[in-house]
Amino acid sequence: MNDTATVQTATGAPTALMPDWRDYFALLKPRVMTLVIFTAACAMIAAPGSMHPFLAFTAILCVGVAAGAAGALNQWYEADIDALMKRTANRPLPAGKMRAEEALAFSVVLAVGSVVVMGLALNWVAAFWLAVSILFYVVVYTVWLKRRTPQNIVIGGAAGAFPVICGWAAVSGDTPLMAWILFAIIFLWTPPHFWALALFMEADYAKAGVPMLPVTHGMPETRRQIFLYSLLLVPVTIAPTLLGLADWAYGGTTITLGSMFLWMAWKVSRSTAEAPSQMVAEKQLFKFSLLYLACLFGALVADRLLLG
């Protein structure tokens, strides 16, 4: 339990005088940060060239801190709608555990620091794309898209894809075709992954006034879009092998995993469940999508380490 002294705000919500370290950690969206670190690290291993372990650690740290800063800025800006949703109501700002100005200062320091250190320790190409990833998530997705269009996840998916560009550039200093294919994989993976979640969180998004696809276009259309984006995703995952950029060990893995992903997406597209408790196929796809991406990038790393 956080035993920090509190005061009451004008709305009656408690505001912490001294936030607990766990509140700052929660502000970073650690689950999202973990996925970003993993994909960026895999891109670094897959990129041609080598790097001193200390510099590799520094690059990963910068990517992780930048992702956390973007997540914290997202929470700072969205504290009002977070307070309306069950999934996010206990975050530090809507729960009154931290002042908004503290969250903003913390976020900006981390964002600027991560970009500067990446540039000084690694190279400014990687630092540039790291800055782009932060600005895209905060300005394009959070401020511009999320409250305005159901395409927020589609366009905003680029924010989660830029870290692989940062990781690759940190090693090689450039961004070749393979790096952008990895970008495209995450970009196309994001809509079916997030919309599967949005289907059983539809009531929360509607309550908060967030125009997610299930809210604006209904569940049948969302399910159809999930399947269509899955159809686009799978061929892109196989592209590195077809273009000679990866071995068939990776290609075989992508075909196997892609077939499973398409099957689950098809089941979602045929589902007619309305209540979250009945959405078995949707929850299965959401959980599998995380394993799918992890295994896909893991196969890429294995391909690089074992077969060169």
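**Exercise 1. Compare the end-to-end distance of helix H5 (residues 100-121) with the span it should have.**

A word on the model: it's predicted, so local features need pLDDT of at least 70 and side-chain atom pairs 80 or more, while totals for chains, interfaces and linings use all residues. Numbering starts from 1 along each chain as its sequence is written, and side-chain values use heavy atoms, without hydrogens or water.

**Exercise 2. Which residues of H5 are buried, and where do they sit around the axis?**

Step one: pick out the buried ones (under 20% relative accessible area, 1.4 Å probe, protein chains only): Ala103, Ser107, Ala111, Ser114, Val115, Met118 and Gly119. Step two: they cover an arc of only 125° (from axis-to-C-beta directions), which puts them on the same side of H5.

**Exercise 3. Describe H8 (177-200).**

Step one: its 24 residues reach 36 Å from first C-alpha to last, close to the expected 34 Å. Step two: find the kink of about 30° at Thr190, shortly before Pro191; the bend is the angle between axes fitted to the seven residues ending there and the seven starting there. Step three: 20 of the 24 residues are buried, so H8 is largely enclosed by the rest of the structure.

Key: Helix = DSSP H or I, 4+ residues; strand = E, 2+ residues; numbered from the N terminus. Expected span 1.5 Å × (residues − 1). Buried < 20%, exposed > 50% of the residue type's maximum accessible area, 1.4 Å probe, protein only.
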